[in-house]
Amino acid sequence: MSDDSILNTAVIGCGGHARHHFGMIADEPRLHLVAAADIDATRLEQAKTQHRPDRTFADYREMLDQCDLDLVYVVTMPGHLLPIVLDCMARHLHVSVEKSPGMTSAETEQMATAGRESRGKAIVSFNRRYFPEVLAVRRLVQERGGAVHCSGTYNKTLSLIGTPAMAGIAPDPVICDAIHHVDLIRWLAGPTPERAARPVAVHSEVADGERAGSHRHNAVIRFDTGAIGTFMSHYGVGFRIQRAEVHAEDFSAYLDLTRERACELYAAERGGSSSALDEPLDLDAVGGPNFNETSHFANCIFEDTEPWSTLDDAVVTMHLCEAIRSGHKGPL
Ligand SMILES: NC(=O)c1ccc[n+]([C@@H]2O[C@H](COP(=O)([O-])OP(=O)(O)OC[C@H]3O[C@@H](n4cnc5c(N)ncnc54)[C@H](O)[C@@H]3O)[C@@H](O)[C@H]2O)c1
């Protein structure tokens, strides 16, 4: 690390999603944006104007050679991540790996193996895990003995599939896109603040429609915690919807993550009444309303702790996605 209190940071891949990472880097005082790289000259120029890195590069390897870096955000499409992530790890840099961490669980395993040889840390950008609303709900559920049931819904219209941002999902819509809510239900069912639940069995029904892109998945998952999860993801339906719910004994939370994040909470008295809880979620108890994956990763680097979304843990989510997409029925 060049300066004990500042992480020299770079971004590789300056496309549509990178603006969120540029924003979080700018908001995190312990990070300084040293460089950005993209093979697309127009996008690189836009990143230079909008996010003002000290230097820009068409070739990320030149950037790794020439800049004194601590931390690299790799924000390319999943099919382009592996060699770049391995190059960063070979240089012992801290790496943020965009979701999905590769196109297959085997690619994620390759990154995880390389990560074990690196002195740098790696976080997978499963950003739903770090939403303060999600963290506050998990806290309430864990205080009540943990999740007994959770579910995730992740639907999109066919018109979204035709957009450039969605063009890459064709090979596997669960891995490349709906993975967000596969991972989210693992996280909501997690038994401790740091741990996601591990699936032990899944029953998945896949019923793709005849139109290109109309992928449909319904799965029931049993977790090692005893909780049951249900996952639904349908492409080619009426609206883009991202919802989740999680239930503990006598307690329920319904999360809407479609646009503005919203949450309904309900609690029941034993043998008595049930009611909606009026008090807002306690976001301050989980890092505040601006907490995000970047502040968490900076904490992990400075405090030498492991991120909540490691590559090893992402391998579990990737295996579950593959099981859901393949219509697996039985133990995992
Ligand atoms: N977490 C979320 O909510 C969310 C939302 C959208 C996208 N994503 C993820 O973000 C990633 C990027 O998505 P996007 O929509 O920004 O894609 P994009 O295609 O707009 O951007 C990717 C960029 O990477 C660049 N690139 C490719 N190979 C490169 C290389 N070798 N060196 C330097 N640059 C290279 C491309 O030129 C492009 O500009 C994907 O993995 C996607 O799954 C996540």
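Modeller: We will look at the domains, then the sheet, then the ligand. This is a predicted model, in which local features need pLDDT of at least 70 and side-chain atom pairs count only at pLDDT 80 or more, while totals for chains, interfaces and linings use all residues. Residues are numbered from 1 along each chain as its sequence is written.

Colleague: Into which domains is the chain divided?

Modeller: Domain bounds come from an automatic or database domain assignment. Here domain 1 covers 7-128 + 297-309, and domain 2 covers 130-287 + 314-331. Between the two, 18 residues of domain 1 are in contact with 19 residues of domain 2, where contact means that the C-beta atoms, placed from the backbone, lie within 7 Å.

Colleague: How should I read a sheet, and what is the order of the strands in this one?

Modeller: Strands of a sheet pair through backbone hydrogen bonds, either parallel or antiparallel. Strands are DSSP runs (E, at least two residues), numbered from the N terminus, and two of them pair if DSSP finds at least two bridges between them. In this model six strands form an open sheet with parallel pairing, in the order S3-S2-S1-S4-S5-S6. The edge strands, S3 (55-57) and S6 (122-125), each pair on one side only. Strand S4 (residues 71-74) and strand S5 (residues 94-98) are joined by four bridges in the parallel sense, and Val74 stands opposite Val97 in S5.

Colleague: How many residues surround the ligand, and which are the closest?

Modeller: A residue is near a molecule if its C-beta atom, placed from the backbone, lies within 6 Å of it. The ligand is surrounded by 25 residues, the closest being Gly13, Gly15, Gly16, His17 and Asp40.
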